Amino acid sequence: MSEKIYSVSQLNNAARQMLENHFSQIWLTGEISNFTQPVSGHWYLTLKDENAQVRCAMFRMKNLRVAFRPQNGMQVLVRANVSLYEPRGDYQLIIESMHPAGEGLLQQQFEALKMKLAAEGLFAQNLKKNLPHFSKAVGVITSSTGAALQDILHILARRDPSLKVVIYPTAVQGKEAAAEIVQMIELANARQEVDVLIVGRGGGSLEDLWCFNEEAVARAIFRSQLPIISAVGHETDITIADFVADLRAPTPSAAAELVSRNQEELIQQLRHQQQRLDMAFDRLFSEKNQRLKQLMLRLQNQHPQNQLHLQQTKNEQLARRLRFAMQRQLEKTQQKLTALSLRLAQNPLPYRLQRHQQHFVQLQGRLHFNTNRHLTERQNRLAILCGKLDGLSPLKVLSRGYSIAQTAEGKPITGVKDVQKDTIITTTVADGQIMSQVVGIKKK
């Protein structure tokens, strides 16, 4: 026998794989019967119409998302995977989502449009526009009589009274709503009188919010040059507009907070920045003041007049020390002469007196000679030192026609590398200072 022989398990497994691979996920409408919910929390039921039925299962983690309690006889729309329960060979559906039949059809349209627009790239994050950091004007596209508008205006007035608000009134429910919303989005873009748009309304049923699931509205939001915040219904309400918009706000009130600045926070930020600015200015002023004092001290110490005065003071001190030393030497010599004269006077012998007189005359002559020579040497040395000092004096150098050039900051100019064209320099000469500007530089 050339044909393959299957076991029952192999057959059921192959049948399950064929069903799952061929049908994947499907939408199905029918009437609920034989509904049960065991302690596991899973749902088991049968979906039927007038001619056929199929067994179904919906596991606990999926049925927790269903917003209603299924009842026998209820018409529903389900999204399910086709499968087969191998142990019994029962063909069945594994339900992923469930909706009442009327709402379920809308949900099916919602999912279909969502997949279509997503495939076209209308939901791409890289195409979404950034909201302005500080908005000067905000546009609101919603019903002029709805509570959502009042909530938005109240929050904007409280947070940022200076923010300009432009209202683009439109219907937000009914057959004409989608066309009017598209018209207002296009009008706001044509006028370019606001920085950002809020498009939305208050909460409601899926049918009430359906205009924000229309393809025309989605494409108008995508084409908008102005950034758009979608603020439709409550936080749990999701629309196609939310996916296309540049940003979704859970409620209209939250959208108002997103586009407005908290005035108290801004004032606090300004105060903080002012404090930082004051501290930075005080620190800079202190640093510059300290630097100025240092420069003034350096200028005083390096000034030629100050250096000359210091050298003159040193010369005067040397002269006083020289005079004092000479006076002490003269006093010592006189004391010796006095002592010798006394000894001579006490000797009665004439010849000794004569000898001592002669010796005294010799000593006196030597004293005068040595004193005059020592004084002359000291005077000559002092004259030499004064001459050298006078030759080294900056004022003496200046009097011979030389000058001292400095930058505006007081830095000596020693070469052409220290200046540039148009630099302001100060030239000190014997009788004053000359302020000048460099018109050219010539290097050797």
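Residues are classed as buried under 20% relative accessible area, as exposed over 50%, and as partly exposed in between, with a 1.4 Å probe and protein chains only. The structure is a predicted model, in which local features need pLDDT of at least 70 and side-chain atom pairs count only at pLDDT 80 or more, whereas totals for chains, interfaces and linings use all residues. Residue numbers run from 1 along each chain as its sequence is written, and side-chain values use heavy atoms, with hydrogens and water left out.

The protein contains 12 helices and 13 strands, assigned as DSSP runs (H or I, at least four residues, for helices; E, at least two, for strands) and numbered from the N terminus. Its radius of gyration is 55 Å, whereas a compact globule of 444 residues would have a value near 22 Å; the radius is taken over C-alpha atoms, and the globule rule is 2.2 Å times the number of residues to the power 0.38. The C-alpha trace spans about 180 × 65 × 50 Å along the principal axes, and 30% of the 444 residues count as buried.

An automatic or database assignment of domain bounds divides the protein into domain 1 (8-102) and domain 2 (121-264), whose centres, taken over C-alpha atoms, are separated by 39 Å.

Positive phi values occur at two residues other than glycine, N34, near 55°, and Q192, near 50°. N34 belongs to strand 1 (residues 25-36) and, at 53% relative accessibility, counts as exposed. Q192 is located in the loop between helix 5 (177-191) and strand 8 (196-201), and with a relative accessible area of 41% this residue is partly exposed.
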